[in-house]
Amino acid sequence: MQYHAFVIKYAEIGIKGKNRYIFEEALVRQMRRVLERCEGKFVITRVAGRIYIEASDFDFDETIANLQTVFGITGICPAVTIERDENAKLPDYQHLSEAVIKFIEGVYPDRHKTFKVKCRRVDKTYPMDSMEIDRSLGGDILEHFPEMKVDVHDPEIWLNVEIREKINIFSEIIPGPGGMPLGTSGKAMLLLSGGIDSPVAGYMIAKRGVEIEAVYFNAPPYTSERARQKVVDLAGIIAKYTGKVRLHVINFTEIQLYIYDHCPHDELTIIMRRYMMKIADRIAASQNCLGLITGESIGQVASQTMQSLLCTNEVVEDMPVYRPLIAFDKQDIVDISLKIGAYDTSILPYEDCCTIFVAKHPVTKPRADIIRKHELDLADKIDELVQTALDTDEVVEIRK
Amino acid sequence: METYLDNSATTMCYPDVAELVSKIMTQDYGNPSSMHHKGLVAENHVKDAAGKIAATLKADPSEIMFTSGGTESDNLALIGVARANMRAGKHLITTQIEHPAILETMKHLESEGFEVTYLPVDENGLVRLEDLEHALRSDTILVSMMFVNNEIGAVEPVAEAGTLIKRVNPSTLFHVDAVQGYGKFRICPKQMGIDLLSVSGHKIHGPKGIGFLYIRSGVKITPIVYGGGQQKGMRSGTENVPGIAGLACAAEEIYENFDAQHVQMQELKHYFIRTLSEKLDNIRFNGKTDETSAPHIISVSISGIRAEVLLHALEDKEIYVSAGSACASNRPHVSETLKAIHVQNELLDSTIRFSMSVFTTKEQIDYTIETLCAIVPMLRRYSRQ
């Protein structure tokens, strides 16, 4: 079937009252951004609660794949449109019926299916009302394709006919990612580790229209250049949805070794994570971020028990910490990771800095007061080391 | 000082070779199968190359089959011989410490119904001839053994094995994976009882993506790649003319100054081992280290460090080495060779390989020793508890 238009469906932003245009404009802006990287010519128009894309010389699969990265879109309906004639008159019923028959022929090679016609007549000047059109088109279809059957409750084919400034015929709805258009919320700082969870957490917050910056803690020579490249690649997967990600690479080795030398070994991970949060908080504040994002999930590992979360949470002073995966099971996280195409990269077996010195039995129920006391042993040099880490922040700008 | 000590993974291309390859790519780019002059020029490059390579093995040029490298040569040798000789028997013999190009191919042949015996090795990684003798049966069609082990540099008793095989069962074919041995030793297949021999270009300062399989004339073997019938139908596909010429040029060059270079590497190896043993405690060199071992490979286990960390720390000083076997170090992998020679479990992850080439200098070795002595104590201080 040669489609030449798409009807874009969006849900939540339809309900934002007077702010609606802000969201719709953001959505159109994001669609423009992804269509720019597609082959073909596209014209996007926004009329009365609908967004249309007219397309020519385009690659269908590529266009769909890219539109599916635009948050805010709930459905993409490939459509055939019939224009008004030179006198601005809509095509008559005969014309419409022929187009519908041709549409079914083109889209459904196997027509042993149930169907229902659903007409929306927005332009009330059209001579037939929507009920009449439903009935008449249904009759014409049955006459042409005796193998098709009507089912008004649960049809296999919903045939949509919209009569507005032009007539749109569409039946298939390809799901979009949902969420809110990018640029309608603010910016947050993702702690990106290279595992399965943090890219998913970033994706989920981005899906709420949030711009993403990321911070990665590098620990050479304990972690390798490939581990760093892996994180750059993961940031690239998020950037596919958000257009760009600024990745801050922080050299964490000195801090880690200093903690190793001065604190009880079983508290190493928790103290290390407190410093990661502190550093992330400071970079985030300097970059005007409104929150931190982590991939933590209650109880997943020793550093993610509720006691540990309490302990790492208290060091963040400037903003909330968003933990979108907090109540997710691992398999649910893996499913999303697979869906967004991050999984194969996430499971590459390079060591990340959280595991290099991990104790055989790290504390699982740390008490913040005790941790704070042990951190006093770091007082000599730790502020200086943190400052150096911040000063040597290396920024990698990833654009997609 | 950039110090590349990962020559068993791959080597720097000789500048002469790179120049020749580039010249053929841009000027003599014809297809050897074309009937015109450009085709003839290309064909002559291939012929010359076969001649030069045959000369290093005291073989006939018709016995050289060009492939894409060591892995393809091993696959062709094993699968080609097994399939062609299955009526004579379905038993194959190899060792536990072969490269995956052999072990994985053997595994595949097992799924095709062949039976494979994997010979163990002694603590130095050497196959015991009596084990081989016991394993040989009247239905053994092929024995495959490596010349030099890629991880610890053990030099297998290939000539003795060849004699033994031909004495016990003259119809059993003998394949040698000489990817790490060619260029480091003089190899004469006919004197050593070798029927097939695999070689890779990029381990001898030649290009990547090229290698050859020596197939003694008269060996029964069937192709594993089909197509336009190039190389007498044994390996279809337009010949990689620049690669082939580059490979031959590298082979010639590496055997040109063979004796002096062999001695030089051997001396550097002994110097390295002696000096490091004096300066660092709790280290252990794997396999034999005397002149019967490969002159370019040094495997050392350094207790209390993780090899990958040491590798990255050395990398920071521009010293490039490998942890275990380079082809496999990007996935969690326990070295078959180190396991087979019974390296203690806690040292498996602490084993690092230095591999030299003709370009390695004493200054580089000194720099490496000095760097190790500075880094190792620091890394030992910070470890998992």
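Predicted model: local features only at pLDDT ≥ 70, side-chain atom pairs only at ≥ 80, totals over all residues.
**Chain B, domains**

I checked where the two domains run. The domain assignment gives domain 1 of chain B as 3-11 + 258-384, and domain 2 of chain B as 15-256. So much for the bounds; next I wanted the contact between them. I found 25 residues of domain 1 of chain B in contact with 25 residues of domain 2 of chain B. On the domain 1 side, β10 (297-302) and α11 (336-340) of chain B each supply at least two residues. The largest share of that side comes from α11(B), with four residues. I also sorted the residues of this domain 1 side by kind: eight are nonpolar, 14 polar and three charged.

**Between the chains**

Then I turned to where chain B touches chain A. Chain B puts nine residues into the contact, and chain A puts in 12 residues. The chain B side divides into four nonpolar, two polar and three charged residues.

**Chain A, overall**

I noted that chain A is divided too, into domain 1 (5-175) and domain 2 (187-399). Their C-alpha centres lie 44 Å apart. I counted up the elements of chain A as 13 helices and 15 strands. Its radius of gyration is 27 Å, while the globule rule gives 21 Å for 400 residues, so chain A is more spread out than a compact globule. The box filled by the C-alpha atoms of chain A is roughly 85 × 40 × 35 Å along the principal axes. I read that 40% of the 400 residues of chain A count as buried. Among contacts in chain A with a separation of 6 or more, 81% are between residues 24 or more positions apart.

**Chain A, strand β1**

Last, I zoomed in on one strand. Why is β1 (residues 5-9) of chain A largely enclosed by the rest of the structure? Four of its five residues are buried, so that is the reason I wrote down. Four bridges join β1(A) to strand β3 (residues 50-56) of chain A, and the two run antiparallel. In that pairing, A:F6 has A:I53 of β3(A) as its bridge partner. β1(A) is also joined to strand β4 (residues 75-82) of chain A, by five bridges, again antiparallel. There I found A:V7 standing opposite A:C77 of β4(A).

Technical notes: Residues numbered from 1 in each chain as written. Chains lettered and ligands numbered in written order. Domains from an automatic or database assignment. Contact = placed C-beta atoms within 7 Å. Nonpolar A, V, L, I, M, F, W, Y, C, P; charged D, E, K, R; others polar. Buried ≥ 20, exposed ≤ 12 C-beta atoms within 10 Å, placed from the backbone. Pairing = 2+ DSSP bridges. Rg over C-alpha atoms; globule rule 2.2 N^0.38 Å.
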